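Keep the structure open beside the text as you read.

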Amino acid sequence: MIWIFPLYIKASSIYYQEWNDTLFLHYKVPLEVVRKLVPKGLDIDMYEGDVWVSLVAFTMDKVHPEFLFSWERLSRFHEVNFRTYVIRDNKPGVYFLSIEANNRISCYLATMLSGLRYQYQKITRTVSNPEGEDEIFSYFFPETKSLNVEYRLVSKSRNDDKKSKLDVFLTERYCLYNEEGNHLFRFEIYHEPWQLTPVRLRSLEANYSVGGMSLAQVSPDLVHYSPGVKVSVWGKEKL
């Protein structure tokens, strides 16, 4: 989730937030499916000719302006976003096809201040057997969409030295793009590189579709988990 303060200060970040316990489900999809969902001013960023989309599920925490403190009622909640990979002016980033969070007030504020199209959804997350290296998480949307996934962390050790070029392509993105009306905007972010750990999916039900693109009965081509990152956020820049 990105909250954007109305004033844009290029020299320093204006928001702090943490994206914790993050699960990435990555899928290869046809170019024509994604192209119709992305604004014309953005090029689809491909890896070796393949187009990717990702479901990213995580817990947002400690969201607050840099000059204030966080309030847990607004700054801690679960979020799932569905994104694809784009590029403009040689600057790679992400474009959100949908964003859901389980806090009504935060969804309203984020949409109003940033222009990103947040939707409220009753997301639940459970943790089973949280000790050791066999943590199991599940997310569930009980309304129009459903994402029910259980997975086990094979190891909590870092594998930064084993990241492939594809891993980096899919996770190390330091800006996002959004369209408001007839204008495109860029949001700059910064965080340390993701610490990726091995994951074993136990079960996955993704009755999840956006713009006619459905993930039902489709297995992800790649899965990542990270304990999270601490993020600095800048305001939006009109392109």
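Thr 22 is buried, because its relative accessible area is 0%; here buried means under 20% relative accessible area, exposed over 50%, and partly exposed in between, with a 1.4 Å probe and protein chains only. The residue lies in strand E1. Helices (H or I, at least four residues) and strands (E, at least two) are DSSP runs, numbered from the N terminus. Leaving out residues up to four places away in sequence, Thr 22 touches Val 56, Ala 57, Phe 58, Trp 194, His 224, Tyr 225, Ser 226 and Gly 228, where contact means heavy atoms within 4.5 Å. Look at Gly 228 in that list: it is 206 residues away along the chain, yet the two C-alpha atoms are separated by 6.0 Å.

A word on what you are looking at: this is a predicted model, in which local features need pLDDT of at least 70 and side-chain atom pairs count only at pLDDT 80 or more, while totals for chains, interfaces and linings use all residues. Residues are numbered from 1 along each chain as its sequence is written, and side-chain values use heavy atoms, with hydrogens and water left out.

Step back to the whole protein chain, and you will find four helices and 15 strands. Of its 239 residues, 52% count as buried. Among contacts with a separation of 6 or more, 68% are between residues 24 or more positions apart.

Now follow the strands around E10. Strand E10 (residues 175–180) pairs with strand E5 (residues 91–101) in the parallel sense, over two bridges; strands pair if DSSP finds at least two bridges between them. Val 94 has Leu 176 of E10 as its bridge partner. Strand E11 (residues 183–190) also pairs with E10, this time antiparallel and over six bridges. Within this pairing, Leu 176 has Phe 187 of E11 as its bridge partner, and Tyr 177 stands opposite Arg 186. The hairpin of E10 and E11 has two residues between the strands, and Gly 181 there takes a positive phi near 60°.

E11 has another neighbour, E15, to which it is joined by five bridges in an antiparallel arrangement. Arg 186 turns up again here, standing opposite Glu 237 in E15.

Next, the nonpolar interior. A nonpolar core is a set of buried Ala, Val, Leu, Ile, Met, Phe, Trp, Tyr and Cys residues joined through side-chain atoms within 4.5 Å. The largest such core has 34 residues, and those with the most contacts inside it are Val 34, Val 53, Leu 55, Val 80, Phe 82 and Leu 147. Two or more residues come from each of strand E1 (15–29), strand E3 (51–65), strand E4 (77–88), E5, strand E9 (146–153), E10 and strand E12 (199–207). A second, separate core holds 30 residues, including Trp 19, Phe 77, Leu 166 and Trp 194.

On a 1 Å grid over the protein atoms alone, a cavity is a set of points where a 1.4 Å probe fits but cannot get out, and lining residues have an atom within 4 Å of a point. Of the 20 lining residues, Trp 19, Asn 81, Arg 83, Phe 96 and Ile 189 lie nearest the cavity's centre. E1, E3, E4, E5 and E10 each supply at least two residues of the lining.

Finally, visit two loops. Most residues other than glycine have a negative phi. Asp 89, in the loop between E4 and E5, has a positive phi near 55°. Asp 89 counts as exposed, because its relative accessibility is 57%. Gln 217, in the loop between strand E14 (213–214) and strand E15 (222–238), has a positive phi near 60°. Gln 217 is exposed too, with a relative accessibility of 85%.

Methods. 1 Å grid on protein atoms, 1.4 Å probe; cavity = no way out; pocket = protein on both sides within 12 Å on 5 of 7 lines; lining within 4 Å.
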